[in-house]
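Subject: Structure for your review

Dear colleague,

Please find below the structure that I promised to hand over, followed by my notes on what was found in it.

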Amino acid sequence: MSALATKTTFGHAVHAEWVKLRSLRSTWFTLATLFVVGLGITALTANAAGKEYASATLADQQTWDPAGRSLMSYVVAQLVLGVLGILIVTAEFATGLMQTSLIATPRRHRTLAAKVVVAAAVAAVAGQALMFAAFFVGQAVFALQDAPDASLGDPGVLSAVTGGGVYLTAIALLAVGLGVLARATAGAFATLVGIVFLIPGIAGAFPGWFQGLFRFWPTLGAAEVLKTVPDPGFPHPWLNLGGLCLGVAAVLAVAFAVFRRRDV
């Protein structure tokens, strides 16, 4: 072990991971895509929702949720940030740079922990910024269409917006764990898509004892935190989101164990 490797601290490892991430064109392209696509979807969905409001029934108007409707871009944003989380790991496996990283930081848990910290920081900042931007864009569209809009001071609105940022951060960390386990971008992304879209789509086919897990599942119970009008089926959205975070922590724990034992 080299003298440089023995002196590598966790702070050095985090800085190195950040330098690697910010030096990649794909990082900035992915983040640009996050905002362009995310805000584009926000404008389109808010425009469609605003038009529907005028012809909606009284019952539908009473459950109108301008905050939740403006945050629907999370559906695509979670995939974009998922790709970023996956690439933080799999890009180095694909190029062979992972061996170099482990030579510089032989303690594997420190290397992976640094990647997790960087992924969490980038996803939290980008995800939260997108949620606030999407909220304001959506409310502006609703105001132009004379549909009821919301402000951050309204009950539950700030909680929904900040909850969206927490949700997106959790999905990015889930993607990091999947990237470690799959060691391939395509395999990890396919698994992520299956988790957030395929399994919820066939939820009714699962046995009754399994249904309780959907209270904490991405795009189902956990995603209820982005709404201000509660769903009777998921009455405790922050508890549901906490369950998702525990699930992500479990995936990361497995990823750490596998990363320490498996050859690069």
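I begin with Val37, which is found in helix α3, made of residues 25-54; helices here are DSSP runs of H or I with at least four residues, strands are runs of E with at least two, and both are numbered from the N terminus. Please keep in mind that this is a predicted model, in which local features need pLDDT of at least 70 and side-chain atom pairs count only at pLDDT 80 or more, while totals for chains, interfaces and linings use all residues. Residues are numbered from 1 along each chain as its sequence is written, and side-chain values use heavy atoms, with hydrogens and water left out.

Val37 has a relative accessible area of 32% and is therefore partly exposed, where buried means under 20% relative accessible area, exposed means over 50%, and partly exposed lies in between (1.4 Å probe, protein chains only). Together with Val36 and Val76, Val37 makes a nonpolar surface patch of about 220 Å². Patches consist of residues with over 30% relative accessible area and no salt bridge, nonpolar side chains (Val, Leu, Ile, Met, Phe, Trp, Tyr) being joined within 5 Å and like charges within 9 Å. The areas themselves come from the Shrake-Rupley method with a 1.4 Å probe, and for residues only the protein chains shown count as cover.

As for the overall fold, the protein has 11 helices and zero strands. Its 264 residues would give a compact globule a radius of gyration near 18 Å, and the value for the protein, 20 Å, agrees with that; the radius is taken over C-alpha atoms, and the globule rule is 2.2 Å times the number of residues to the power 0.38. The C-alpha trace spans about 70 × 40 × 30 Å along its principal axes. Of the 264 residues, 43% are buried, and the protein exposes about 12,700 Å², of which carbon and sulfur atoms supply 69%. Among contacts with a separation of 6 or more, 76% are between residues 24 or more positions apart, a contact meaning heavy atoms within 4.5 Å.

Side chains of opposite charge can pair when their charged atoms come close. The structure holds five salt bridges, each defined as a side-chain nitrogen of Lys or Arg within 4 Å of a carboxyl oxygen of Asp or Glu. In one of them, the side chains of Lys115 and Glu17 meet at 2.9 Å, N to O. This pair links distant parts of the chain, since Lys115 is in helix α8 and Glu17 is in helix α2 (residues 10-22), 98 residues apart. Both Lys115 and Glu17 are buried.

Another salt bridge joins the side chains of Glu92 and Lys20, also given as 2.9 Å, N to O. Glu92 lies in helix α6 (residues 74-95) and Lys20 in helix α2, so the pair ties together parts that are 72 residues apart in sequence. Glu92, at 5% relative accessibility, counts as buried, whereas Lys20, at 22%, counts as partly exposed. Glu17, Lys20, Glu92 and Lys115 are linked in a network of salt bridges. Elsewhere, Glu224 and Lys227 meet through their side chains in a salt bridge of 3.1 Å, N to O; here Glu224 is buried, with a relative accessible area of 8%, and Lys227 is partly exposed, with 38%.

Helix α8 (residues 108-144) also holds Gln139, which counts as buried because its relative accessibility is 5%. The side chains of Gln139 and Ser70 are joined by a polar contact of 3.2 Å, meaning a pair of N or O atoms within 3.5 Å; within protein, one must be able to donate a hydrogen and the other to accept it, and residues adjacent in sequence count only if both atoms are side-chain atoms. Leaving aside neighbours within four places in sequence, Gln139 is in contact with Pro66, Ala67, Ser70, Asp149 and Ala150.

Two backbone angles deserve a look. Asp146, in the loop between α8 and α9 (157-182), has a phi near 60 degrees, a positive value in a residue other than glycine, and at 71% relative accessibility Asp146 counts as exposed. Thr219, in the loop between α10 (185-201) and α11 (237-261), has a phi near 65 degrees, again a positive value in a residue other than glycine.

With kind regards
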